[in-house]
Amino acid sequence: MTLQGKNVICLLDDEFEDLELWYPVYRVREEGASVLFAGPEKGRTHIGKYGVPAKADLSFDEVDSSTIDGLLVPGGWAPDKLRRYPKVLELVKEMDAARKPIGQICHAGWVLISAKILEGRNVTSTPGIRDDMENAGATWIDEAVVVDGHIISSRRPPDLPPYGKAFVEALRGQ
């Protein structure tokens with residue numbers, strides 16, 4: 001329970017990659033942190049690519065970055081939707097400015113790209129968006145997890161154990 005008292009927000013929209021959402025959420029909860037889901041509409045249930053549901057505890061507009069310690073952005077097709085919400089991009093920029101942990105996996109890099117926070121950063125992602133990450137000014141590294149300060153990035157579901165561990169360590173160190 002090394003993260004007791006820590007608050008984490010996990011962004012939510014339809015067609016998230018089920019494992020990339022739930023694995024890190026459970027990992028952080030196992031360490032004692034509170035994790036809430038934020039989506040476009042409070043109370044709305046979103047369905048993952050493989051049918052696993054998740055319900056938004058808060059709307060994006062209700063999230064106050066000053067009250068949270070970390071942010072999780074799942075992969076799948078949800079990031080393509082998430083990056084279209086101005087409040088999501090504002091939240092990512094605020095978390096970056098405050099140097100609070102931001103975890104992103106697979107296609108979640110699209111959200112960080114749209115928030116324009118990747119210039120000069122080392123990251124990884126699914127190889128499918130490598131060009132997007134590099135065109136945003138990042139150095140893309142083909143490793144299970146890349147930690148660049150407070151940004152923790154990972155490639156895909158087989159990389160979830162080291163990704164979960166790295167995100168927990170970043171929250172501990174905050």
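Analyst: On a 1 Å grid over the protein atoms alone, a cavity is a set of points where a 1.4 Å probe fits but cannot get out; lining residues have an atom within 4 Å of a point. Grid points are joined across faces, edges and corners, and a volume is the space filled by probe spheres set on the points. The model is predicted: local features need pLDDT of at least 70, side-chain atom pairs count only at pLDDT 80 or more, and totals for chains, interfaces and linings use all residues. Residues are numbered from 1 along each chain as its sequence is written, and side-chain values use heavy atoms, without hydrogens and water.

User: How many cavities of 30 Å³ or more are there?

Analyst: The count is one, and the largest cavity has a volume of about 30 Å³.

User: Which residues line the largest cavity?

Analyst: The lining consists of Cys10, Glu20, Leu21, Pro24, Leu72, Val73, Pro74 and Tyr163. Helix H1 (18-30) and strand E6 (70-73) each give two or more residues to this lining; helices (H or I, at least four residues) and strands (E, at least two) are DSSP runs, numbered from the N terminus.

User: Turning to threonine 126, is that residue buried or exposed?

Analyst: Threonine 126 is buried, at a relative accessible area of 13%; buried means under 20%, exposed over 50% and partly exposed in between (1.4 Å probe, protein chains only).

User: What is threonine 126 in contact with, leaving aside neighbours within four places in sequence?

Analyst: Its contacts (heavy atoms within 4.5 Å) are Cys106, His107, Trp140 and Arg155.

Terms used:
On a 1 Å grid over the protein atoms alone, a cavity is a set of points where a 1.4 Å probe fits but cannot get out, and a pocket is an open set with protein on both sides within 12 Å along at least five of seven lines; lining residues have an atom within 4 Å of a point.
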